[in-house]
Structures are given as C-alpha cells and as structure tokens.
Amino acid sequence: MRTLLITGPGGNGRTTVAAATALAAARAGARVLVLGTDRADTLGAVLGTPVGAEPVEVEQGLTARRVDAGADFRADLAALQDRAATVLDLLGASRLDPEELSPLPGAEELSVLRALRDAALSETYDLLVVDLPPTPQALALLALPEELRRCLRRLLPPERRAARALRPVLGRLAGVPMPAEWLYETAARWDTELAAVEAVLADRDTAVRLVAEPGPAGADAVRAAGLGLALRGLRTDALVAGRLLPGDVEDSRLAGLVAQQCKTLDEWRETYDVHPVAHLGRDPRGPDDLAQLAVPGVLGVKGTHATVEWPVTGLLHSRPPSSGEPPATDDGVLVWHIPLPGARREELDLLRRGDELTVTAGPFRRTVPLPSALRRCTVDGAALREGELRIRFRPDPRLWPRTP
C-alpha cells in the first residue's frame, strides 16, 4: 500500500489538502483511508462528516478515522498492569482504574505511530493518507521510533538477554519474583513494534508531502521542514503551495501580497516539485469544495525511493588494496555524503561517540551508526557544499593491521 504523510506549518491548510488528496484518489478508483491526528475533529469538519476512532465511510472508496490517544492509553495501561500483576501484588500496590486517568505526555505520539503502522500494514486499502501534526511536532513524531529503539538498545542491550536462564534461579535463591524477565520481554516487544514503524517510514512507497502558503513565513517553515526531513533520511515528493491569490487582482492592497507569493513560488521551484492550489475565497467544507482544489495526484509510479541515500565515496588507487588494508583512496580519505538542503554552516555540529555520529543541523539532531567502512577511521574534517555535508574520514593505522 502507498503511504502519504502530509504536514506543514499550522494554519496553512494542511488538513484540507490531506482530505482533498484522499478524496481525489478515491474518486480515481482507489481504496483510501485518511487518518486524522488532531485532538479536535478538524478532519471531519473539512470532509463534512464527523470522524471518530471507528472508521467511517465518507463516500465510496474513501474511509476516514481519527486517532484516539485516550482509548489507546487506557488499553495499554490495563495490559501493563496485567503483565506486572505479580510484582504489583508483591509490593501491595492497588491497581489503577484506566478510566480515572488522562493520557500521559507521549501517549498521543505513540498512538499515532501505532495507527500509522497498523493502517500501512493493512491489506484493506490501496492508499493511506495521514494528516500529520504541524511540521515541528511531525518531525519529532517521525524521529521517535529510531530514538526510542536506540535508547532501548543502550539501556537493555540484546546481549544481556542471554543470561535470562539464570533469573529463575536467582529468583528462587532470593525468595521473591524477579521482574527482569518481564522487563526484557517488554523491551523486546517495544523494539519489534518500533521497528515495524521504522520500516513503514523507510519504505519506498512512503512519501512526505509539504503544505505551505507562499510568503516569508512559509519559506522559513519549508526550509526548516526540508532540513529536518533530510536529516531523518526522508524526501518530499511534492510541495503544495496553498491559498494562492489570482494574479489579476484589481485591489492594489493585494498586489504586494500577490508579488510576494510569486517570488516565493519561483524560489521553491528551484528545489521542489511545486503544485499551486488557488484560494477558493472561503474555507472548503465538504466533498464538493474539496473537489475544486487542484491537489497533485498520488497513485503514480510506486517505489520512488522516498529514503535519502547517504553514500560513502573515495577515489580508488590503480592497485587494489592488500588483504587487511583499509579502503584505498587517492589520499587515504573516505567521504561520507549527507544531503542537508537548506543547512547553514553556523548551525551545523558533529560529535562522534564510539561507532555513532551525532549530527546537529539547526534545531534538529540525529545520532546514527557509522557505516562499517568508517568505524576504523578517524574524522579528518567536514565541509558544507551545495546543500550537502561532506565528512572526511581517514583510516586509523592502529585499527587497520597490515599484512607483511
């Protein structure tokens, strides 16, 4: 199934474009699910049909539903207490009634990720359109699976699970139940679930589409969004420029705004596949209004490489390296290419820790494992050129033993 993630600055018609895109695909013959993530039913207001936690058919081929973080949190809490029943009874703790609690911070994001995973893996639909939160929250949401998995691996390394056969023995010697088995099983289950979400985001049939209103504020938001998505290894398939005013307006007070929009569109076209969508003169409500919006199609060529590649390159010597030697380059240097469109030199920072590299670009940060070819190298420098961060690595002689 094709998955389309739609985000953009708040208040720029993101939900409207998501609904119009889903409607157009459904009327083209696809089975479409549009997923809303706002607490308020903004998606239902645009579609003209109330949308809740249960799927609702808007019209033939188009189904909509909204993530219910409260219900998911209560179900998770009940399951957690069931799994930890032995420990809770040992401590004399009384169980919490799920109905008495509101979702904790982070529960909403996890609910969205779970809904995204379940819908994307479903065989019921041909297309999943996700109305993500505004760009800053959406970028944090897309980063969550990778960051949580990294924390789990650091706190509960998989190799420690090999000693789980000893835990029942320790439990009998201590005379109390040992919760470590439950802890590792929970960590393993979370890791599996988060890996499934990562697989959906990295799939070649998953794309991100930005929605913004052309202008100075929109240009800044798009630059930041493009940088954050590139750092996460995601590429946008299109940029929808919404709420465009007609070029022949007679009101002189709007002429400056029209010129401003045209200037921003020209700048965006240098980087993105831009699709202008005219302002209807009112807030779209219902299928009839949505059908008038000229949103770009979705069901084109699949497998469009939504993931950004970070290649390692080096110029080879004329002779091949001997066994045990580092990769041969013209000056012994390998280069790791990281595309970061819109990045600024003064906003970049790099930090290496063991076999991991932390890249900071503006307000965004990501820690990634080094490619195997670079783990026995030292960082030799870095440069930002043409929207690409190029990090130089030089093989460490102490870690590259040479054969006689």
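Q: What span should the 14 residues of helix α5 cover at 1.5 Å a residue, and how far apart are its end C-alpha atoms?
A: This is a predicted model, so the numbers here are computed from its atoms. Helix α5 runs over residues 107–120. The expected span is 1.5 Å times one less than the number of residues, so the 14 residues of α5 should span 20 Å. The end C-alpha atoms of α5 agree with that, being 20 Å apart.

Q: Which residues of α5 are buried?
A: To count as buried, a residue needs a relative accessible area under 20%. In α5 that label goes to A107, S111, V112, L113, A115, L116, R117, A119 and A120.

Q: How are α5 and α6 oriented to each other?
A: Let's start with the axes of α5 and α6, which come within 10 Å and cross at roughly 90°. Angles of 65 to 115 degrees count as roughly perpendicular. Therefore α5 and α6 are roughly perpendicular to each other.

Q: Which residues make the contact between α5 and α6, and how many of them are nonpolar?
A: From α5 come E109, L110, V112 and L113, while α6 brings L141, L144, P145 and L148. Sorted by class, this contact has one charged residue and no polar ones. The nonpolar residues number seven.

Q: How is α6 oriented to α9?
A: Helix α6 covers residues 135–155 and helix α9 covers residues 216–231. They pack with axes 10 Å apart, at an angle of about 0°. Angles under 35 degrees count as roughly parallel, so α6 and α9 are roughly parallel.

Q: Which residues of α9 meet α6, and how many residues of the contact are polar?
A: On the α6 side, the residues are T135, L139 and L142. They meet A224, A225, G228 and L229 in α9. The contact holds five nonpolar residues and no charged ones, and its polar residues number two.

Q: Which strands stand at the edges of the eight-strand sheet?
A: This open sheet has mixed pairing and the order β3-β4-β2-β5-β1-β6-β7-β8. Its neighbouring strands are turned by 25° against each other on average, direction ignored. The strands that pair on one side only are β3 (56–59) and β8 (274–278).

Q: In β8, which residue is the bridge partner of L239?
A: Strand β7 spans residues 236–244 and pairs with β8 in the parallel sense. Four bridges link β7 and β8. In β8, the bridge partner of L239 is V274.

Q: Is R243 buried, partly exposed or exposed?
A: R243 is found in strand β7. Its phi is near 60°, a positive value in a residue other than glycine. Relative accessibility for R243 is 32%, and values between 20% and 50% fall in the middle class. That makes R243 partly exposed.

Q: In β15, which residue is the bridge partner of C377?
A: Strand β15 covers residues 388–395 and pairs with β14 in the antiparallel sense over eight bridges. In β15, the partner of C377 is P395.

Q: Is E386 buried or exposed?
A: E386 is found in the loop between β14 and β15. Although E386 is not a glycine, it has a positive phi of about 55°. With a relative accessible area of 80%, against a cut-off of over 50%, E386 is exposed.

Conventions: Residues numbered from 1 in each chain as written. Predicted model: local features only at pLDDT ≥ 70, side-chain atom pairs only at ≥ 80, totals over all residues. Heavy atoms only, no water. Pairing = 2+ DSSP bridges. Helix = DSSP H or I, 4+ residues; strand = E, 2+ residues; numbered from the N terminus. Axes fitted to C-alpha atoms, helices over the stretch in contact; angles between N-to-C directions. Parallel < 35°, antiparallel > 145°, perpendicular 65-115°, else oblique. Contact = heavy atoms within 4.5 Å. Nonpolar A, V, L, I, M, F, W, Y, C, P; charged D, E, K, R; others polar. Buried < 20%, exposed > 50% of the residue type's maximum accessible area, 1.4 Å probe, protein only.
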